[in-house]
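Dear colleague,

Please find below the sequence and the structure that I am handing over to you. A short account of the findings follows.

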Amino acid sequence: MSAKLIKGTEIREQILEEITSEVAEIKEKHGVVPGLVTILVGENPASISYVTLKIKTAHRVGFKEIQDTQSETISEEDLLALIDKYNKDESINGILVQLPLPKHVDDKKVLNAIDPDKDVDGFHPVNVGRLMIGGDEVKFPPCTPAGIQEMIVRAGVETKGAEVVVVGRSNIVGKPIANMMLQKGPGANATVTIVHTGTKDLAAHCQRADILIVAAGVPDLVKPEWIKPGACVIDVGVNRVGEKISEKTGKKIAILKGDVDFDAAKEIAGSITPVPGGVGPMTITMLMLNTLKSLKFKLGIA
Ligand code: NAD
């Protein structure tokens, strides 16, 4: 293997340590800790395990954390009233509504009801606009793209003037990470191309990339010959391609694969993220960072 592995699991530990000590410092100086509420509607098993992990991480870094679980039958009106309650709650700095929501609820309406200054997921149109403007306007970059940028920076990859190619144009990964990488500032200032299902020659674009960010959701989409020798490859894709029995627990678990043919790509790339253990662990980590930031904005120390 020639490529350096960029391990999200290791970077997560570093960042969570940093957050923990900053939280302790703020608590001592200002007598407050960041407050995060996660609203879970219904009993979707995937949502429950994701929310449980968020709560566990929030607890680990010393946040006040609330898991507010609501019945599947909650009305849209009551859900909006709940958001309003947390918008007004001075001890809460971040509000998360776990998706998907039941069909009778308009999720756009619910997400847009969150106070943009507590929208630590960064999906509120106000925060999308702030991200587009860049610089000091940005409050909460969306968590997965923020994690990607953090990994690139911490891996010591030069972004200024780099050719960045992003595969995928979703609102949660492709568009925001492309937008972040083109801003004038540290960890960015790159020349960015977004490719997608309408692109004529995907391979030719990818071959130009000094930094290739792939978020398509198609296993092994990126072939080794698409990778420029020495490039930094960030594989965001998480694709379930089968099941296996876990050696640790003896239970059935999913076999996960990224969007990049990892075994072949690692022989060509300069650095690469694995799947699992690459971008995945960064999302919740950056959510914690955004919640801490939210309190810092409120205290005027950001
Ligand atoms: P999405 O389906 O919303 O968007 C995929 C994008 O890829 C689309 O814009 C589409 O145009 C493009 N695309 C799809 N097939 C393509 C092809 N053959 N050629 C070129 N472009 C193609 O997906 P998403 O929400 O952006 O997620 C992408 C992947 O990243 C998924 O595997 C998802 O599970 C994973 N993901 C991981 C994390 C994490 O690790 N924390 C977070 C979000 C998403």
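In what follows, a residue is called buried when its relative accessible area is under 20%, and exposed when that area is over 50%. Please note that the model is a predicted one.

With these terms, helix H5 (residues 125-133) can be described. Its buried residues are Asn127, Arg130 and Leu131. Viewed down the axis of H5, these buried residues fall within an arc of 100°, and they therefore line one face of the helix. Met132 and Ile133, on the other side of H5, are exposed.

The next finding concerns a sheet. Three strands form an open sheet in the order E3-E2-E4, and their pairing is parallel. Strand E3 (64-70) and strand E4 (94-97) are at the edges with a single partner strand each, so one side of each has no neighbour in the sheet. On average, neighbouring strands of this sheet are turned by 15° against each other, direction ignored. Strand E2 (residues 35-41) runs parallel to E4 and is joined to E4 by four bridges. Ile39 has Val97 in E4 as its bridge partner.

Finally, I turn to the second largest pocket, whose volume is about 530 Å³. Helix H6 (143-154) and helix H10 (282-299) are the elements that contribute two or more residues to its lining. The lining of this pocket comprises 19 residues, and those nearest the centre are Val138, Pro141, Gln149, Met180 and Lys293.

Yours sincerely

How values were computed:
Residues numbered from 1 in each chain as written. Predicted model: local features only at pLDDT ≥ 70, side-chain atom pairs only at ≥ 80, totals over all residues. Heavy atoms only, no water. 1 Å grid on protein atoms, 1.4 Å probe; cavity = no way out; pocket = protein on both sides within 12 Å on 5 of 7 lines; lining within 4 Å. Points joined across faces, edges and corners; volume = space filled by probe spheres on them. Pairing = 2+ DSSP bridges. Axes fitted to C-alpha atoms, helices over the stretch in contact; angles between N-to-C directions. Buried < 20%, exposed > 50% of the residue type's maximum accessible area, 1.4 Å probe, protein only. Arc of directions from axis to C-beta.
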